[in-house]
Amino acid sequence: MATDRRSRRAGAGPHERPARRAVKPRPKTHPRPDPLRFIRAHMRLAPVPTIPEIRLYMAHQGSGLWRLGEPYEDGSEPPAPYWAFPWAGGLALARHILERPETVAGHRVLDLGSGSGLVAIAAAMSGAREVTAADIDRYAVAAIGLNAAENGVTIAALGSDLTTGRAPAVDLVMTGDLFYERELAERVTAFLTRCLADGVEVLIGDPGRAYLPRSRLRLVAEYPVPDVGEAVTTAMKPSGVFALEP
Ligand SMILES: C[S@@+](CC[C@H](N)C(=O)[O-])C[C@H]1O[C@@H](n2cnc3c(N)ncnc32)[C@H](O)[C@@H]1O
């Protein structure tokens, strides 16, 4: 009968279970995959567009990068998997280093915001004395290690944020494509300014992102490169290599 059904649904009557208290659902989380295992299993090792000298583990349509986007237990978002692609700024910088190895030869070099490790690998292949690659994403740190090994070079991969600290003990700091967000760009610019003040040279690779500190840059070279994830033939655009000036 309709009345019975209604009372059952409402949880009324001595034999009915008490209504459940509303519990705020916890965000669904899945454990994030192990970085080394994920990269080896789901990325494709291939020559880099416009930089065939270097091979990287790169994402493709079936990589399932969404699996890395699950929120952490506290609900906060993990960093976007930018390490899974070579970016236009890094491509220009890597091309430049390979064509002019004297830029890095014999120097101690830091690649800040290294992502896949592309710029650091180009520096190591071009005769840099010591190469450090820093990235705040632990998947990037794993990718840097794997990509360095695949290209037969040695790179120290750091998973910490160096932008809040003092200038590191290097001769040259390079950044590929780090000026895409205002807050990050401001912090990176302040860090690079401290590096300059300490006598460290600074080179920036960038296709002209929104927060590039243009008024302080001197164009050193320009290279046509594809933007993130594009094929070489489709969307080539110029990307600059700049020296930061005080
Ligand atoms: C757009 S990607 C560029 C990657 C690489 N340089 C290239 O050109 O292909 C930016 C990278 O910077 C990293 N990143 C963001 N903030 C950072 C910070 N404070 N310190 C180090 N790396 C950072 C991100 O995790 C990401 O891998």
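Analyst: In this predicted model, helix H3 meets helix H4 through Gly90, Leu93, Ala94, Ile97 and Leu98. The H4 side of the contact is made by Leu118, Val119, Ala122, Ala123 and Met125. By type, the contact residues of H3 with H4 divide into 9 nonpolar, 1 polar and no charged.

Now the geometry. Two packed helices are described by the angle between their axes and the distance between the axes. H3 spans residues 88–99 and H4 spans residues 118–125. They pack at an angle of about 0°, with axes 9 Å apart. Angles under 35 degrees count as roughly parallel, so H3 and H4 are roughly parallel to each other.

Next, helix H6. It covers residues 182–197, 16 residues in total. From first C-alpha to last, H6 reaches 22 Å, close to the 22 Å expected at 1.5 Å a residue. Its buried residues include Val188, Thr189 and Phe191. Leu192 and Cys195 are buried in H6 as well. Seen down the axis of H6, the buried residues fall within an arc of 170°, so they line one face of the helix.

What do the buried residues of H6 pack against? Three strands: E6 (172–176), E7 (201–206) and E9 (236–244). The face of H6 turned away from its buried side carries exposed residues: Arg182, Glu183, Ala190 and Ala197. Just after H6 comes Gly199, with a positive phi of about 85°.

Terms used: Residues are numbered from 1 along each chain as its sequence is written. This is a predicted model: local features need pLDDT of at least 70, side-chain atom pairs count only at pLDDT 80 or more; totals for chains, interfaces and linings use all residues. Helices (H or I, at least four residues) and strands (E, at least two) are DSSP runs, numbered from the N terminus. The expected span of a helix is 1.5 Å times one less than its number of residues. A residue is buried if 20 or more other C-beta atoms lie within 10 Å of its own, exposed if 12 or fewer, and partly exposed in between; C-beta atoms are placed from the backbone. The arc is that of the directions from the helix axis to the C-beta atoms. Two residues are in contact if their C-beta atoms, placed from the backbone, lie within 7 Å. Axes are lines fitted to C-alpha atoms, for helices over the stretch in contact, and angles run from 0 to 180 degrees between N-to-C directions. Angles under 35 degrees count as roughly parallel, over 145 as roughly antiparallel, 65 to 115 as roughly perpendicular and the rest as oblique. Ala, Val, Leu, Ile, Met, Phe, Trp, Tyr, Cys and Pro count as nonpolar, Asp, Glu, Lys and Arg as charged, and the others, Gly among them, as polar.
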